[in-house]
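This report covers the strand arrangement, the nonpolar cores and a few individual residues of one protein model.

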Amino acid sequence: MAESTIKLTIKFGGRSIPLSVSPDATIKDLKSLLQPITNVLPRGQKLIFKGKVLVETSTLKQSLVGDGAKIMLMASQGLHQGEGPVLKEASTSTTVDQRKPALVVDKNRSDRWKATGVIALAQANLKEIPEEVWDCGSAARVLDIRENFIREVPARISSFVSIHKLFLQGNALSDESIQWEGIASLKRLMLLSISHNNLTFLPSEVGSLTSLRQLDVANNKLTSLPNEIGLLTQLEIFKANNNRITSLPESIGDCSFLMEVDLSANMLSELPETVTKLRKLKTLELNNTGLTTLPSVLFKMCLQLSTLGLHNTEITVESLRQLEGWGEFDERRRTKHQKQIDFRVVGSGQFDEGADKSW
């Protein structure tokens, strides 16, 4: 009677990964199995057994890989999803020195906040939001507490009824750190930045922020997005790169004002067809993801799209050229590139195809 499964040990990055697979599985199947565990895209994986590189089309049995075998995985540089080939803690961009004393708020500073509505406390070595901040109340228009050591955003933030911009990035905030019912009540909020933190999910309350124009949740540990994201119908810029997002809700198509979307370095394997409803979309960054295909009518429906990033994915330049509307898209992006050259925009010297060539 044939073995139903065999046990393997994959050696990778100082780790030993145990697996149970069928001996009739191909090496390509094994690579697909390893992708979500290691974050290394299949084409970036080189599997070595007894000094020989295993061939994708062969089965484990044909490759003489039996029960108890040890296989070494070598990853090509860059061909991975997320921040790196091995899952690691999200890092913040905080560069301030915790040993320095926190900024002391004096009356002049407090009075200036109330007069201008701008509360600027970035890189102030703060462990909590100063009491004087809350005294601003409805006068507050901007709260910038980025790159501190703040561990809590309390519900009393709801007192900032006139706030337009909220910068919370780089504080190592966790899911428990933010009282979302307070933020959800900020009906005039137009910009929310909570990147470079340790969030694993966005709650449904984010859908209450219907005035949002910009939302930045990059460099966290998000694995999904709430369906309520579709309620953000005024959203123009959405950055969620460097997370662990595996799929997008179909409701993303209801964000009809979206112009710029960055989902690079996530665990995405496909996009919902509703992405083609984003008729104002100009920039779509999807580098370092597990994507193998795009919605077939993306170029045909998104007639303003001129920047598309697909480097380090399974989608090649050759496959893009087969999609309907490719010619018009190609003309738009080349026109944009020429304008950048004409206006001497930094980094516009060499034309970027947006995807890798056949591999």
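The text below describes a predicted model, starting with its sheet.

Nine strands form an open sheet in the order S6-S7-S8-S9-S10-S11-S12-S13-S14, and the pairing is parallel. Strand S6 (118-120) and strand S14 (307-309) are the edge strands, each pairing on one side only. On average, neighbouring strands of this sheet are turned by 5° against each other, direction ignored. S6 runs parallel to strand S7 (residues 142-144), and three bridges join the two. Within this pair, Ile 119 stands opposite Leu 143 in S7.

The largest nonpolar core contains 71 residues, and Phe 238 and Leu 294 have the most contacts inside it.

Leaving aside neighbours within four places in sequence, Phe 238 is in contact with Leu 215, Val 217, Leu 225, Ile 229, Leu 258, Glu 260, Val 261, Asp 262 and Leu 263.

Which loop holds Arg 188? Arg 188 lies between H4 and strand S9 (191-193). With neighbours within four places in sequence left aside, Arg 188 is in contact with Val 161, Ser 162, Ile 163, His 164 and Ser 211. Arg 188 and Ile 163 are 25 residues apart along the chain, while their C-alpha atoms are separated by 6.2 Å.

How values were computed. Residues numbered from 1 in each chain as written. Predicted model: local features only at pLDDT ≥ 70, side-chain atom pairs only at ≥ 80, totals over all residues. Heavy atoms only, no water. Core = buried A, V, L, I, M, F, W, Y, C linked by side-chain atoms within 4.5 Å. Buried < 20%, exposed > 50% of the residue type's maximum accessible area, 1.4 Å probe, protein only. Contact = heavy atoms within 4.5 Å. Pairing = 2+ DSSP bridges. Helix = DSSP H or I, 4+ residues; strand = E, 2+ residues; numbered from the N terminus. Axes fitted to C-alpha atoms, helices over the stretch in contact; angles between N-to-C directions.
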